[in-house]
Amino acid sequence: MNAPLPPPLVVAGNDAASTLAGRLRQAVAGDVMFDAASRGRYATDASIYQVDPIGVVVPRSHDDVRAAVDVCRELGVPILPRGAGSSQCGQTVGAALVIDASKHLAGIGAFDRDTMTITVEPGVVLDRLNAVLRPHGVWFPVDVSTSAQATIGGMAGNNSCGSRSIRYGNMVHNVAAIDALLSDGTEARLARVGDMRGAPPRVRTLVDGLAAIGAREHDEIARQVPKVLRRVGGYNIDVFNPQSERPYTADGSVNLAHLLVGSEGTLAWSRALTLALSPLPRHRTLGVVNFPTLYRAMQCAEAIVTLGPTAVELVDRTMIDLARGNPAFRPTIDAALIGEPDAILLVEFAGDDREAAVAQLARLAELMGERGLPGSVVAMTDAGAQKALWDVRKAGLNIMMSMKGDGKPVSFIEDCAVPLAHLADYVERLTRVFAKHGTRGTWYAHASVGTLHVRPILDMRRDGAAKMRAIAEEASAIVREYKGAFSGEHGDGLVRSEWVAWQFGPRLTRAFEEIKALFDPAGLMNPGKIVHATKMDDAALFRFPPAYRVVPIAPALDWSAWNVHNDPVAGTVTASGSGGDPAGGFAKAVEMCNNNGHCRKFDAGTMCPSYRATRDEQHLTRGRANTLRLAVSGQLGPDALASPAVREALDLCVSCKGCRRECPTGVDMAKMKIEALYQWQRAHALPLRDRLVAALPRWAPYAARLPGLANLRNRSPWLATLAERRAGIARQRSLPAWRRDTFLRDARVDAADADVVLFVDTFTNYFEPENARAALTVLDAARRRVAIARPAPGDAEPARPLCCGRTYLAAGRVDEARREARRMVAALLPPVTRGATIVGLEPACLLSLRDEYRVLGLGDAAQALSSRALLIEEFLAREHAAGRLALPLRALPEKRALLHGHCHQKAFDALEATRAVLAMVPGLAVDVVESSCCGMAGSFGYDAAHYDVSMRMAELSLLPAVRAAAADTLIVADGTSCRHQIADGTRGTAPRTAEHVVRVLARALQPSDPARATAS
Ligand SMILES: Cc1cc2nc3c(=O)[nH]c(=O)nc-3n(C[C@H](O)[C@H](O)[C@H](O)COP(=O)(O)OP(=O)(O)OC[C@H]3O[C@@H](n4cnc5c(N)ncnc54)[C@H](O)[C@@H]3O)c2cc1C
Ligand code: SF4
Ligand code: SF4
């Protein structure tokens, strides 16, 4: 038998790394990255750890993987496989060559209905796979919460488990075979041992060696391996003597693929995975059981499970309160509550027979009656209501994760699993442990299988490490007493590998080392995980070690709201600005990213368009936040905030604000980009194009006087090429056309007692004045007294129109933006103080009053302005909902409208208002495009260097939807740049023009309406 291995190999030194980089660049077609920022972006996952990898390879094909493994083997370099990097335990963190499968290795084979299997490459994301399978009426049912990010390779690596594991089991129960590449270059198909008879000698030796270990340890396996379903720690040595509540194979046969499942990349690279599929249930029902105490909820879980639910999920009082505090979620959560419960259990039943699923709800209610809780169940049969409630549970967790300050919920005992009979006592005892250590936790998740997620709040920069160990030790003692599993969902990684010996005993630990040596004799695969482990509290591995320091900077924006301390027990935070951040709160805002990887999603919402187009970690919100964190903490060298590495990471950020709304912890990269650009342009000259765009409000009045000349560039290909060479403006683009008939030039005299002030932004005024005229028409028809926003008396530039300052913000010219903002505040504060509403048309401009103006240091006046600034559609929708709007609208010839939301509309929840306003037009059906950013994003898409990626963003969903729309469908887009992108992207065979919602409304107004006749 092979001897256990020494601790992992590590390649140190620049020479070794550059030899490796050189060899890889010769051998691999995909990306090879060895620069500090790229390595830094792969130094973390959703755990508390950070270790710089030696380098990163993003292979284009399996040939690349094989070549990289060959080079590593020759040079003795460790190898770290990676998918989405959403592991919570540090599985994907290590001093190794990271091989990232998520970008290119995402092929999906054909669905085999006979065997109910499918074979996929490791980088396939679960949601994408299930979208492909849905039309066949089947799915891959390991429905992890990270389904929009998690790759099948990573899910297998971690033996992941979904909410419905009680019905479908864990990953290990749903993988049929794995085609693996071993570190010695052997390719092996691991499957049922009976199917591996013709394997080559190296693989036979492996199989025989493993079988011998299995036979030798038969009794020890029975003694040491926990019997619960949710046990994912160590290697699945119980393939040789099944211990799980649910057998891994139906016929008791040994499948060696199951040994790779949960091995966290320590045994082999998974090249292709054959997955067992399940029929999609046709119907689901949901019963919400209301409990007076968390303890009672846990006490009842075991009985509820006997009814055969597909999921039993816990939501505790803290989560209920968080959800109720959010106006968007309150109605949904209130509909699920009876009185003031301390906890609720979401009990789901599913099947093909609707009546049976409904009948289960009645049985649930009966059961609760028998348990002394009559009338405690809210029954939900409607799919929409069920989904809304599941979404609330997810959002509640997100709010918890968004805690400001250095104390953060830390995942290390988050997934201990205990038999259901002990669940209630386990919760009670662990709560006491937390209190003893001056912290608390919030409970949620999978009551059905005895796995409750809980993260105590710890400050890893101060006393967190000591508390973590103390709590882990006390928790482990309780878990052992109840014969549970210390690692019930998230795996071992860096945080729990040292607990493998504790869980499985010295004999099996040695057997694990032997298994590792059989697969990976040189010890190259993901060293330090599962076997030969480091200590969980080794501060040298922490992302925020006690030595972590922030480099002082004078920020341009006000970040003080993040600069706080929190008290985990009281749940309070100190006053803004008191957190001791030498970067004025900017560092703490950046540090909010906990690397959970939610921004890698492709499904709904906006975040993150640049990642959707490139699939590069660098162009992901997480990649950017990590780059900024490394920069502000001096880990990328001096003055790194103004370094090319930071600029490159932010280059493709389109400032869509998608992350502001959709990132669970509220990372607001658009604002951070402004700050970083500000720091950049203090040290470097801005390119000509950026300077031109930034100063647009200053030179626009002159250009508008000679529109013919200004528009020449659009008519002359020669000038377009020159403009690209000199100013970097993409020659393929048309530029917005200057107009002589600007809106403000001859806008009418204002109503003195206006209740609405129309702010006409630079773009609307100079390029699309008809939109402002339409807005005036609509507001007049709505019988509002309207004034046009103009510079205040005493303004230093009375003749120059007001501007929100957005173009300056986009270039990081915060001082100039602040000057524009001051003009706005001076002009608009008097009507606001009088009670008037400020209404605007361009989302990017108007919404900056509600967003950036709050952090420009303009005091209470800006806050007052921000509280009364609305997009025109928000204003109309609000008035309509309040019964104060009677627009005389008639049907239009067009019967459908396709609505594309501007990213900032979505970020500020204003898209629903646009939809509602369009729906006021009689007989007009409104479809909303499920689109992310249009790709134009202000001036982003005009930049020659951005043209391709801009068009790729547009082609992801917006342009295909527009092209597919019938010729008589109205295309509605409220953003100037979105409309331009639609026009540019459909030029050629079937040009389409999008219009602002006010243009649609103005056209739909009754012609007889006298107000309309007088306007524009
Ligand atoms: C907010 C949040 C919620 C979560 N919810 C759940 C949940 O409900 N259930 C659950 O089980 N987990 C959950 N997780 C943990 C994590 O998301 C899952 O384990 C997920 O399946 C990991 O997928 P990944 O692509 O991110 O893998 P990664 O983190 O990239 O990798 C996971 C492991 O697999 C290995 N690996 C990756 N690719 C390969 C390959 N090609 N060959 C060999 N080894 C490979 C890696 O080395 C690593 O050890 C959650 C995490 C977060 C942050
Ligand atoms: S940016 Fe937000 S969504 Fe992305 S990893 Fe960080 S915390 Fe998660
Ligand atoms: S602002 Fe938009 S593009 Fe930039 S990181 Fe956030 S989601 Fe991505």
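Which polar backbone atom is 3.0 Å from an oxygen atom of ligand 1? In this predicted model, the atom in question belongs to Ser-145. A polar contact is taken here as a pair of N or O atoms within 3.5 Å; within protein, one atom must be able to donate a hydrogen and the other to accept it, and residues adjacent in sequence count only if both atoms are side-chain atoms. Taken alone, ligand 1 exposes 980 Å², of which the protein buries 95% (accessible areas from the Shrake-Rupley method with a 1.4 Å probe; for residues, only the protein chains shown count as cover).

The model is predicted, and local features need pLDDT of at least 70, side-chain atom pairs count only at pLDDT 80 or more, and totals for chains, interfaces and linings use all residues. Residues are numbered from 1 along each chain as its sequence is written, chains are lettered from A and ligands numbered from 1 in the order in which they are written, and side-chain values use heavy atoms, with hydrogens and water left out.

Around ligand 1 there are 34 residues, of which Pro-81, Ser-86, Ser-87, Thr-151 and Cys-161 come nearest (a residue is near if one of its heavy atoms lies within 4 Å). Two or more residues are given to this shell by strand 3 (79–82), helix 5 (152–158) and strand 9 (269–276), with helices (H or I, at least four residues) and strands (E, at least two) being DSSP runs numbered from the N terminus. Helix 5 gives the most, with five residues. By class, the shell has eleven nonpolar, 20 polar and three charged residues; Ala, Val, Leu, Ile, Met, Phe, Trp, Tyr, Cys and Pro count as nonpolar, Asp, Glu, Lys and Arg as charged, and the others, Gly among them, as polar.

The surroundings of ligand 2 include Cys-593, His-598, Cys-599, Arg-622 and Cys-663, and its shell divides into four nonpolar, seven polar and one charged residue. Ligand 3 is surrounded by 13 residues, the closest being Cys-608, Arg-624, Cys-653, Cys-656 and Cys-659. Helix 21 (621–632) and helix 24 (669–683) each give two or more residues to the shell around ligand 3, which comprises nine nonpolar, two polar and two charged residues.
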